[in-house]
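Please open the structure in your viewer and keep the selection panel at hand.

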Amino acid sequence: MKNLGTHQATGRTSFGALTVLLVATLLAGCGSEVAGTPAAQEIDVRKLAVGNYPTDPLDVRFTYQHNANDGRSIAMARLADNVVIGPDVDSKFSHSALEQTIYPLTLPQGDLSRVLAGAVRPVLESNGMMFGFSAAASTRELPKSHERDQSNNFNPFGGALGDPDATAFNVTVLQFPDQQRAQTAADQMESADFSVAADQNVHVTLTKQPDAKAHWRPGVPSMAATLAHGQYVVNVYVAQPKPDMDELRAFAEQVFAAQLPLLDQAPGLSPHEIFRLDYDPDAMLRRTLHPTVAFEANPVYEAVHTARGHLHYLKDQKTWKRMLDDSGVDRISNASRGGLLFRARDAEAAAKLWSGIKATTNGSVEGPADVPDVSCTLSKEDIGDAWWAYRGSGSPAYICTLHYDRYVARVASMQLGDAQQMAAAQYTLLANSQYL
């Protein structure tokens, strides 16, 4: 009892001393000047016109349950984050020519005809290919055909009509259940592809990646190479204006040199690991405007990406990469029919990114009332995969861009009033996410 009483007395004495000190400090501050810059207080977001859009974080409204489909989608988004874009290989590859998520061949979406020769499909089926991602870049914008190719021909540049003066590459990365099946698939893929024109193709050894299997057709300015890397198979296709084997070999080696270290950062996953992937490990989706309660992961339309993963889906990679790099953007999330959210290095970097995005737009329109730091514009161009609901519609879309703390968000709609409500809801959600 004596020890307890001593402890209580000591506690009262400490609290009393602290109170006296605090009062003395406050009294001393009266009438004195405090250095610093005055800052605007937080607006009352409860008064913003958000319509019927939700303003609570997604995880407050939704309880996530792990499932195989969501896990695979998250894994495919993760793989896209670790497949090269053009500037990863060389700054001259400033034009994106293709981005394609590769689903299991057993699914309706499982189509490889655009990026690999049809002859390799049986190889992928027999070795249990799980999923993949394919990307292509070029030194020049490659004109695309508006007609759907029904021929099932190898087309690594997304339906491009071709440009004899362009230098371009395609990288296709596929994950397999284990290293053994990946190695078997790589060997068999090269054999199947080589056999398409066995009387004309010639085997080539890559000096810097001697384990790769490569071939070219003399007189044709392109080369293909395949390499197993852990649970992955990496297929590289390079093309240039002139048929120089040494230059093509060096080109393929350059692409592999950029790609392989990225895969080392994201080792292949087992089915159990895929199933347990966290859908929102960086608390990005909870801050992204998500109009519905139902959540269904999608590697493109409802996912969290790194800057590289997001850049795959943008036409002007050069401009956007510079802005994202300068602002230290490390995560980007998007919700189908909802918001697109960037996380910058800090609030100052977010303001810089917001200004940079505004500089890429024109034709400003009225923004939502009482929402600070928001800019709205009318876009008459395809605004891309980031907003799935509007892609390819051919109609103008209103886009509002805003920033809050270290975040920059974009929303889009066919109606200006709707876009304004979405922007107000997204701003409110960002504010609420700080506390909920």
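Begin with the aromatic side chains: a search of the whole structure, which is a predicted model, finds 13 aromatic pairs. Select Phe 62 and Tyr 279 as one of these pairs; the ring centres are 6.4 Å apart and the planes stand at 70 degrees, so the arrangement is edge-to-face. Phe 62 belongs to the loop between helix H2 (58-61) and helix H3 (68-80), while Tyr 279 belongs to the loop between helix H8 (271-275) and strand S8 (303-305); the pair therefore ties together parts that are 217 residues apart in sequence.

Next, select helix H10 (residues 317-326) together with helix H11 (residues 347-359). The two pack at an angle of about 165 degrees, and their axes are 9 Å apart. Because of this angle, H10 is roughly antiparallel to H11. Their crossing is right-handed. To display the contact, show Trp 320, Met 323, Leu 324 and Asp 326 from H10, and Lys 352, Leu 353, Gly 356 and Ile 357 from H11. The residues of this contact comprise five nonpolar, one polar and two charged.

Finally, colour the chain by pLDDT. The average is 86, and 84% of the residues score at least 70. Where pLDDT is low, predicted coordinates should not be read in detail.

Terms used: Residues are numbered from 1 along each chain as its sequence is written. This is a predicted model: local features need pLDDT of at least 70, side-chain atom pairs count only at pLDDT 80 or more; totals for chains, interfaces and linings use all residues. Side-chain values use heavy atoms; hydrogens and water are left out. Axes are lines fitted to C-alpha atoms, for helices over the stretch in contact, and angles run from 0 to 180 degrees between N-to-C directions. Helices (H or I, at least four residues) and strands (E, at least two) are DSSP runs, numbered from the N terminus. Angles under 35 degrees count as roughly parallel, over 145 as roughly antiparallel, 65 to 115 as roughly perpendicular and the rest as oblique. A crossing is left-handed if the near helix is turned anticlockwise from the far one by less than a right angle, and right-handed if clockwise. Contact means heavy atoms within 4.5 Å. Ala, Val, Leu, Ile, Met, Phe, Trp, Tyr, Cys and Pro count as nonpolar, Asp, Glu, Lys and Arg as charged, and the others, Gly among them, as polar. pLDDT is the predictor's confidence in each residue, from 0 to 100. Rings of Phe, Tyr and Trp (its six-membered ring) pair if their centres lie within 6.5 Å; planes under 30 degrees apart count as stacked, over 60 as edge-to-face and the rest as tilted.
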